[in-house]
Amino acid sequence: GTILRLAPTGDRFIAETSGTTRPLFGLSGSGLRDLWAVGEAGTALHYDGKAWTAVATGTESLLLAAYAPQPDTLFAVGAKGTILRRAGGRFTALESGTDKSLYAVAGLSSNTIWAAGEQGVVLRWDGVRWLAQELSTRAVFFGISATGNGTWLVGSSGVVVGWDGIRWTRYDSRVGADLRAVLLGSSLWAVGLNGLILQYQPSP
C-alpha cells in the first residue's frame, strides 16, 4: 500500500497514508485533487487533494493499470481481461472480449482509450465497446503512451509498436530486454529491466 508524494521542495519523497496493505500497481489522475491508485484484490483508492479513501469496485480481480481522463471517470484494467469503468459515482465491469491479462491502459479522452497485455492483445475503446486490434506479435505489452501525435506500446523482449492513426508499425529497439513503460512527449522514451533507458531517434 505504499504511496509516495514529492515534497514541495522537490528534493525528497514523503510517504502518504494509503489505508491499505495491498500492493498497488496502477496510478492515474485528471488533476491534483483527483488521483486514483489500483491494485490487488480489486483495490481502488481515490485522493481528493487531502486524503486517500478506499472505493469499492465490486471485484476481487487484480487491477494492474488505470487511466483517468476526467474527474470521476476512471478505467482500470487487470488480470484475465478485467476492465472496469467508473462513471456516475460507481464502478461497472466492461466486456473486454479477452481472458488475457491487461497490463497497461492509456488514452486521449473518455472515448479513445487503448488497453494492452498478454499475447499481443491490444484493445481500443470507442466510447461504446472494446475493439480488438490486429497486430502480428505475441509479445506481452507492459506500457502504453497515447497522445495526439500517436500511440506507442512497449513490452517483452524489447518490442516497440507505434500507431499513427492508420496502421500499426513495429520498430527495432535493438534490445532484447523487457521494456516496462513508455512516454511520448517532445521525444519518445522507454524504460525497462536492468536500468535500461531508451530514447527514440528517427532516421534522418
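For the classification of lining residues, Ala, Val, Leu, Ile, Met, Phe, Trp, Tyr, Cys and Pro count as nonpolar, Asp, Glu, Lys and Arg as charged, and the others, Gly among them, as polar. The model examined here is predicted.

**Exercise 1. The second largest pocket**

Determine the class composition of the lining of the second largest pocket, and state which element gives the most to this lining.

Solution. 
Step 1. The volume of the second largest pocket is about 220 Å³.
Step 2. Its lining consists of 13 residues; Ile3, Leu4, Leu27, Ala37 and Trp52 are those nearest the centre.
Step 3. Two or more lining residues come from each of β1 (4-6), β3 (24-31) and β4 (34-39).
Step 4. With four residues, β3 gives the most to the lining of this pocket.
Step 5. Sorted by class, the lining has nine nonpolar, two polar and two charged residues.

**Exercise 2. The largest pocket**

Describe the largest pocket by its volume, by its lining residues and by the class of those residues.

Solution. 
Step 1. The largest pocket holds about 360 Å³ of space.
Step 2. A set of 17 residues lines the largest pocket, and Asp172, Ser173, Gln199, Tyr200 and Gln201 lie nearest its centre.
Step 3. At least two lining residues are supplied by each of β16 (150-155), β19 (179-184), β20 (188-192) and β21 (197-199).
Step 4. The element that gives the most to the lining of the largest pocket is β20, with three residues.
Step 5. The class count for the lining of the largest pocket is eleven nonpolar, four polar and two charged residues.

**Exercise 3. A sheet of three strands**

In what order do the strands β19, β20 and β21 form their sheet, and which of them stand at the edges?

Solution. 
Step 1. The three strands form an open sheet in the order β19-β20-β21, with antiparallel pairing.
Step 2. Both β19 and β21 have a single partner strand and stand at the edges, so one side of each is left without a neighbour in the sheet.
Step 3. With direction ignored, neighbouring strands of this sheet are turned by 20° against each other on average.
Step 4. The antiparallel pairing of β19 and β20 extends over five bridges. Ala181 has Val191 in β20 as its bridge partner.
Step 5. The loop between β20 and β21 contains Asn194. Asn194 has a relative accessible area of 81% and is therefore exposed, the cut-off for exposed being over 50%.
Step 6. The phi of Asn194 is positive, about 60°, although Asn194 is not a glycine. Most residues other than glycine have a negative phi.

**Exercise 4. The hairpin of β7 and β8**

Characterise the hairpin that β7 and β8 form, and state how many residues lie between the two strands.

Solution. 
Step 1. β7 and β8 pair in the antiparallel sense, with five bridges. Across this pairing, Leu63 is opposite Gly78 in β8.
Step 2. Six of the eight residues of β7 are buried, and the strand is thus mostly covered.
Step 3. The hairpin has two residues between its strands.
Step 4. Pro71 is located in the loop between β7 (63-70) and β8 (73-78). At 58% relative accessibility, Pro71 counts as exposed.
Step 5. Although 40 residues separate Pro71 and Gly31 in sequence, their C-alpha atoms are 7.8 Å apart in space.
Step 6. Asp72, also in the loop between β7 and β8, is not a glycine but has a positive phi of about 60°. Its relative accessibility of 32% makes Asp72 partly exposed.

Methods. Residues are numbered from 1 along each chain as its sequence is written. This is a predicted model: local features need pLDDT of at least 70, side-chain atom pairs count only at pLDDT 80 or more; totals for chains, interfaces and linings use all residues. Side-chain values use heavy atoms; hydrogens and water are left out. On a 1 Å grid over the protein atoms alone, a cavity is a set of points where a 1.4 Å probe fits but cannot get out, and a pocket is an open set with protein on both sides within 12 Å along at least five of seven lines; lining residues have an atom within 4 Å of a point. Grid points are joined across faces, edges and corners, and a volume is the space filled by probe spheres set on the points. Two strands pair if DSSP finds at least two bridges between them. Axes are lines fitted to C-alpha atoms, for helices over the stretch in contact, and angles run from 0 to 180 degrees between N-to-C directions. Buried means under 20% relative accessible area, exposed over 50%, partly exposed in between (1.4 Å probe, protein chains only).
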